[in-house]
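Colleague: Please take one part of this model and go through it closely, with the rest of the chain as background. I would like to know which residues meet there and how the pieces are set against each other.

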Amino acid sequence: MISWRKHYKQTLIAIGLLLSTSASIYGQDGDPKNGEKLFKANCTACHALDKQVIGPPLKGVVERVKTEGGVDKDWLHKWIKDNKALRASGDKYANEIFEKYNKTEMLQFPNLTEKDIDDILEYTTNPPAPEPAKTDDKATATDGAAAAPADKTTTSVVIISLIAIAALLVWILIKLRQLVKLGQSEDLAGLNETRVKSFSEIYEKYHYIGKGVLAILALLAAYGVWNWIMWIGVYKGYKPEQPIYFSHKIHAGEQKIDCQLCHSSAKYGKVSEIPSMNVCMNCHRTISEYNAEHYMEPGKDKAFYDGEIQKIYAATGWDPAKQQYTGKTQPVEWTRIHNMPDFVYFNHSQHVVAGEQAIINSFNKKNPNNKIDVVCKACHGKIDTMNVVQMANDFTMGWCIECHRTTEVDMNNGYNKEYFKNLHDKLKKQYPQDGGKITVDAIGGLECGKCHY
């Protein structure tokens with residue numbers, strides 16, 4: 001009897017240990033930290049935890065679907081993997097959600113494993129607390145703020161000291177001049193009386209030298225006026241502030257967005273137009289805040305970028321809370337940077353398509369240490385490195401002519417190879433001494449009527 005009780009107690013202890021171990025293993029259905037990574041990679045285009053984007057906020061979604069639809073976590077697994085199939089099966093709650101959110105089709109995620117979905121759902125239920133900000137950054141900011149007044153005080157002291165020294169030097173010079181006059185002898189005083197005191201007397205005495213100097217001054221003045229006239233309308237380095245801040249470095253550089261995604265008419269049109277705000281909304285309908293903490297421009301923070309995104313919404317009349325347009329739009333008065341005079345004809349498509357590879361090759365040959373990979377950069381500079389776009393080149397007539405004289409025609413361009421075949425054959429016979437290397441000036445690139453009409 002005693003032996004049985006002994007084994008009974010041991011059995012209870014073993015079962016208790018087993019249950020406690022199981023509770024520690026299975027008490028948490030998923031890993032919220034891994035779920036956070038998966039959420040950001042798969043869900044943030046349409047969802048946020050605490051606000052509606054395209055879809056509803058997902059914080060506490062497990063409890064919400066249980067309360068609203070009477071469904072469990074297994075239902076969420078089916079919805080995430082293939083919500084379309086779930087709706088097609090006639091599931092009532094799935095179709096109610098589809099109708100509630102304007103029949104917006106949710107993406108399917110068959111690639112996510114059951115464990116991945118559990119991790120995501122755990123993240124939406126118990127999101128990990130954000131890491132505290134580094135104290136070093138705060139200390140640096142505080143030190144910088146405290147140092148600013150000290151710098152201003154130091155500058156004021158230096159300026160006042162320099163003014164005082166300058167006044168003292170002027171006073172000393174005046175006193176020295178008075179002393180020199182008092183100490184002059186009678187001979188020096190008489191000599192001073194005989195000195196030439198008028199400009200007319202000096203000119204009469206040295207008129208040949210005077211005429212030569214005047215001629216030189218006249219030539220320099222004429223050159224200065226001519227040089228000033230020739231640079232009228234040349235605004236290299238011009239970079240105006242825009243009504244909505246747009247960093248090409250963030251979009252074209254960091255995010256690798258192709259130039260022609262926004263400037264679509266540059267490839268097939270004469271002019272590369274300013275993109276409409278609808279182009280911005282293609283992305284920013286779902287990107288309502290700046291989350292690229294790895295890149296912040298000096299002097300700017302997340303609040304600044306978020307404010308600029310809100311300007312886009314105000315311009316397009318988009319209500320991010322209701323996820324719909326209000327119809328109240330505001331025109332954006334962009335400041336144009338590159339603008340050719342009316343008497344100049346320039347066709348973007350001719351350069352971007354027909355001359356693309358030729359321009360890239362020519363530029364890289366002349367700039368081996370500053371090569372480009374996109375034809376746009378030959379004229380507009382390395383836009384993908386500019387936070388604020390500026391005019392990178394002169395855009396003068398001489399600048400264009402120099403390009404036409406040095407850029408070789410690409411005889412093998414698939415776009416124009418057959419169309420210009422007869423012309424290319426003729427040019428190869430006409431310029432055999434160049435080994436078939438024909439520059440743009442040989443095909444009329446310097447004719448006045450090509451650019452002026």
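Modeller: Among contacts between residues at least 6 apart in sequence, 62% join residues that are at least 24 apart. Please keep in mind that this is a predicted model. The chain has 453 residues, of which 26% count as buried, and it contains 21 helices and two strands.

The part I have picked is helix 4, together with two helices that it meets. Helix 4 covers residues 73–88, and its axis comes within 10 Å of the axis of helix 6, residues 114–125, with a crossing angle of roughly 110°. An angle from 65 to 115 degrees counts as roughly perpendicular, so helix 4 is roughly perpendicular to helix 6. The hand of this crossing is right-handed. On the helix 4 side the residues in contact are K73, L76, H77, I80 and K81, and on the helix 6 side they are E114, I117, D118 and L121. By type, this contact divides into four nonpolar residues, one polar and four charged.

The other neighbour to look at is helix 3, residues 61–69. The axes of helix 3 and helix 4 also come within 10 Å, and they cross at roughly 105°. Helix 3 and helix 4 are therefore roughly perpendicular to each other. Here V61, V62 and V65 of helix 3 meet K73, W75 and L76 of helix 4. This contact is made up of five nonpolar residues, no polar ones and one charged residue. K73 and L76 are listed in the contact with helix 3, and K73 and L76 are also listed in the contact with helix 6.

With a relative accessibility of 29%, P127 counts as partly exposed. Leaving out residues up to four places away in sequence, P127 touches L49, K59 and E122. L49 is 78 residues from P127 along the chain, yet their C-alpha atoms are separated by 9.0 Å.

For background from elsewhere in the chain, helix 14 (residues 277–284) shows a division between its two sides. M277, M281 and H284 are buried. Those three cover an arc of only 75° around the axis, which puts them on the same side of helix 14. An α-helix has 3.6 residues a turn, so residues three or four places apart point the same way. On the other side of helix 14, N278 and N282 are exposed. The partners of the buried residues are helix 11 (248–254), helix 15 (302–316), strand 1 (318–319) and strand 2 (324–325).

Phi of Q323 is near 55°, a positive value in a residue other than glycine. Most residues other than glycine have a negative phi. Q323 has a relative accessible area of 10% and counts as buried, because the cut-off for buried is under 20%. F395 is a further residue other than glycine with a positive phi, near 55°. F395 lies in the loop between helix 18 (376–380) and helix 19 (397–406).

How values were computed
Residues are numbered from 1 along each chain as its sequence is written. This is a predicted model: local features need pLDDT of at least 70, side-chain atom pairs count only at pLDDT 80 or more; totals for chains, interfaces and linings use all residues. Side-chain values use heavy atoms; hydrogens and water are left out. Axes are lines fitted to C-alpha atoms, for helices over the stretch in contact, and angles run from 0 to 180 degrees between N-to-C directions. Helices (H or I, at least four residues) and strands (E, at least two) are DSSP runs, numbered from the N terminus. Angles under 35 degrees count as roughly parallel, over 145 as roughly antiparallel, 65 to 115 as roughly perpendicular and the rest as oblique. A crossing is left-handed if the near helix is turned anticlockwise from the far one by less than a right angle, and right-handed if clockwise. Contact means heavy atoms within 4.5 Å. Ala, Val, Leu, Ile, Met, Phe, Trp, Tyr, Cys and Pro count as nonpolar, Asp, Glu, Lys and Arg as charged, and the others, Gly among them, as polar. Buried means under 20% relative accessible area, exposed over 50%, partly exposed in between (1.4 Å probe, protein chains only). The arc is that of the directions from the helix axis to the C-beta atoms.
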